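Okay, thanks everyone for coming.

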Amino acid sequence: MTQTDIRQPARWLRAETLIMNSYERVLMTVPKDQPGLLLPGTFVRPGEQVADAAVRGLAEQTGLRREITHHLGVDQHPANPATGDVEGLTVVCDGGDASLLEMKLLAEQGVPVGAFREISGHRWVGLDKVADLADPYVVTRVRVSLGILNSGLKQPLLYIGQPAG
């Protein structure tokens, strides 16, 4: 008799936040450990709500504070047995629009001390330049998320059936 392993494989969950400014530019981070730009984000800790992780990741990487209540899409990443990477999901959250004051503070303050190991900076990137500065999956994630945002189809983040926030 063969014993079947019914345990779920390891997976990860990541929360990223899309923030636009009044110049139609997207806030992106410059990671230290890989080429290309990314949306600000972090991994969701066990038991943590996606909305809370998005708030935490945004604050840790940029110093910006937001209430996150909606998402713009979910991106699934397959496992890669060759590298040992496990399957994962990235939830792109709606961070709203940055004010001129927030843009100024971000430029003046730079990378928060706690994020120096992960990122080397921030950039406001025009939609026409994202493809030149980010990996294709990030470009698609940004474009699809903006399409959802512009269509008004963003969805509430739920936790045990209740809206986040």
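By buried I mean under 20% relative accessible area, by exposed over 50%, and partly exposed is in between, with a 1.4 Å probe and protein chains only. Helices here are DSSP runs of H or I with at least four residues, strands are runs of E with at least two, and both are numbered from the N terminus.

Before I go on, the housekeeping: this is a predicted model, where local features need pLDDT of at least 70 and side-chain atom pairs count only at pLDDT 80 or more, while totals for chains, interfaces and linings use all residues. Residues are numbered from 1 along each chain as its sequence is written, and side-chain values use heavy atoms, with hydrogens and water left out.

**Helix 4**

Now helix 4, residues 136-151. At 1.5 Å a residue, its 16 residues should span 22 Å, and its end C-alpha atoms are 22 Å apart, which agrees; the expected span is 1.5 Å times one less than the number of residues. Buried in helix 4 are Val138, Val139, Arg141, Val142, Ser145 and Leu146. Those residues cover an arc of only 160° around the axis, which puts them on the same side of helix 4. Pro136 and Arg143 are exposed on the other side. The cover over the buried residues includes strand 1 (11-20), strand 2, strand 4 (70-77), strand 5 and helix 3 (130-133).

Isoleucine 148 is in helix 4 too, and it is partly exposed, with a relative accessible area of 23%. Not counting residues up to four places away in sequence, isoleucine 148 touches Leu72, Leu153 and Lys154. Just after the helix, glycine 152 takes a positive phi of about 80°.

Over to strand 5, where threonine 90 sits. Threonine 90 counts as buried, at 1% relative accessibility. Its side chain makes a polar contact of 3.1 Å with the side chain of histidine 77. A polar contact is a pair of N or O atoms within 3.5 Å; within protein, one must be able to donate a hydrogen and the other to accept it, and residues adjacent in sequence count only if both atoms are side-chain atoms. Leaving aside neighbours within four places in sequence, the contacts of threonine 90 include Trp12, Arg14 and Arg141.

How many aromatic pairs does a search of the whole structure find? One. It is tryptophan 12 with phenylalanine 43, edge-to-face, 5.6 Å centre to centre and 90° between the planes. For the record, rings of Phe, Tyr and Trp (its six-membered ring) pair if their centres lie within 6.5 Å, and planes under 30 degrees apart count as stacked, over 60 as edge-to-face and the rest as tilted.

How values were computed:
Arc of directions from axis to C-beta. Contact = heavy atoms within 4.5 Å.
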